There are 2 protein chains.
Amino acid sequence: MSHLGYACLMAVDPDHVLRTAAALLTRKSTATMDEVAKAAGISRATLHRHFAGRDVLVRALESLGIAECEAALDAARLEEGTASEAVRRLVGAIEPVAGLLAFLYSENQLFEGEELNAGWTLIDDRISALFRRGQLGGEFRIDLTPAWLTEALYGLMASGAWMVHSGKGAPKDFQHMIVELLLGGALRREES
Amino acid sequence: MSHLGYACLMAVDPDHVLRTAAALLTRKSTATMDEVAKAAGISRATLHRHFAGRDVLVRALESLGIAECEAALDAARLEEGTASEAVRRLVGAIEPVAGLLAFLYSENQLFEGEELNAGWTLIDDRISALFRRGQLGGEFRIDLTPAWLTEALYGLMASGAWMVHSGKGAPKDFQHMIVELLLGGALRREES
DNA sequence: CCAGCATGAGACATCATTGTCTCATCTGGG
DNA sequence: CCCAGATGAGACAATGATGTCTCATGCTGG
């Protein structure tokens, strides 16, 4: 037997499979394991060897989504500059993951009884903290709770991802549309 | 044979079944036909006699959702008063349907190839027209398209429904949270 | 060259949901 | 009272997705 745990030869790259699955399920959330395998260019048997069951695959996608979200949060440097600038960076950084997030969001309701991955709470807390920072600094209004602002951001990102996905909006407008509406609202600013 | 088309005796009320199904599927979008029947207090056979198949049931729910949406649009009198007031009335009127809308929204992706019910376009147009009216009247900013404002409203309503459903928010705050964020945004208003 | 290992293809049983059917029962109107 | 119609309960097959298995193939490392 080889002294290496696994690395030998034409082994499938699990990360590539995962990302292909994410791209497919983002478009068609009911895709079959067979379709996922075909999209990844592997057989259903091999897919099953790496992810033993659809739930395992979804859990792995959840971990991927959480990891990418946290990477986006890190890249956005939420502690630096004004809260508004941080929100803008956050939306821009999270845009590539928005589709996957929307998929996971719709799948989460299937994990009703089971425990919710603690990673989501971590992310919620970091975003809530950003809004709280904006409130304490006098930048954001205080009559909307950080929790609601966080949920609203999620909803707006889902709408933005939908606009882009359906072709009604350009990806380049994603960040601007969301940030402008979330921060500025629909009303005209007399003071501007 | 009776001279009346159908009305005879202990006939099931299809509307009651529909509303029960809506309430159930709002909470558990993957509910079985059996669960739907049980929730409505009828047998699966009878459910099947009224709605021949799950797709027929979902289509009926779609029609119900469209009808209730249009009723809400009518009740909100979108042409009266300022656009802001109309938006506030709209959100308040549509709140009871928000859960059903979220369910239908998630199901619509399953009707990929098939034709989309024209009713949705009608509703989109009416809401878009409201935002356009606000823009033309100088009330709303013009750098966000009415189409985006409409989609954003949907997203915020989904987030609001989620907050209420998950117990993180009170139903009485639904209207206020959404309208304040959609119109005013998160930034503080110096002019207020 | 050869052995080992990952893969592809496919067969197979299982499971859940669904659509369809039959039959017994109950109710209310004529 | 009696019958038509609607319902409830359950059996049944069909379908689709899934999990598991075997076998042949092809490649790599030694």
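## Overall build of chain A

Chain A contains nine helices and zero strands, where helices (H or I, at least four residues) and strands (E, at least two) are DSSP runs numbered from the N terminus. Read along the sequence, the pattern of chain A is therefore α-α-α-α-α-α-α-α-α, and the C-alpha trace of chain A spans about 70 × 40 × 35 Å along its principal axes.

This is a predicted model, in which local features need pLDDT of at least 70 and side-chain atom pairs count only at pLDDT 80 or more, while totals for chains, interfaces and linings use all residues. Residues are numbered from 1 along each chain as its sequence is written, chains are lettered from A and ligands numbered from 1 in the order in which they are written, and side-chain values use heavy atoms, with hydrogens and water left out.

## Two helix pairs

Two packed helices are described by the angle between their axes and the distance between the axes. In chain A, helix 4 (residues 54-76) and helix 5 (residues 83-94) pack at an angle of about 145°, with their axes 8 Å apart; axes are lines fitted to C-alpha atoms, for helices over the stretch in contact, and angles run from 0 to 180 degrees between N-to-C directions. The contact (heavy atoms within 4.5 Å) involves A:Cys69, A:Ala72, A:Leu73 and A:Ala76 of helix 4 of chain A, together with A:Ala86, A:Arg89, A:Leu90, A:Ala93 and A:Ile94 of helix 5 of chain A.

In chain B, the axes of helix 7 (residues 118-136) and helix 8 (residues 146-165) come within 8 Å and cross at roughly 120°. Among the residues that make this contact are B:Ile123, B:Ile127 and B:Phe131 of helix 7 of chain B, and B:Leu149, B:Leu153 and B:Tyr154 of helix 8 of chain B.

## Where the chains meet

The contact between the chains takes 43 residues from chain A and 43 residues from chain B. The area buried between chain A and chain B is about 3800 Å², of which carbon and sulfur atoms give 59%; buried area is the accessible area (1.4 Å probe) that two parts lose on being put together, summed over both.

Between chain A and chain B there are two salt bridges, each defined as a side-chain nitrogen of Lys or Arg within 4 Å of a carboxyl oxygen of Asp or Glu. One of them joins the side chains of B:Arg141 and A:Glu180 (2.5 Å, N to O). On the side of chain A that touches chain B, helix 8 (146-165) and helix 9 (174-184) of chain A each supply at least two residues, and the largest share, 12 residues, comes from helix 8 of chain A.
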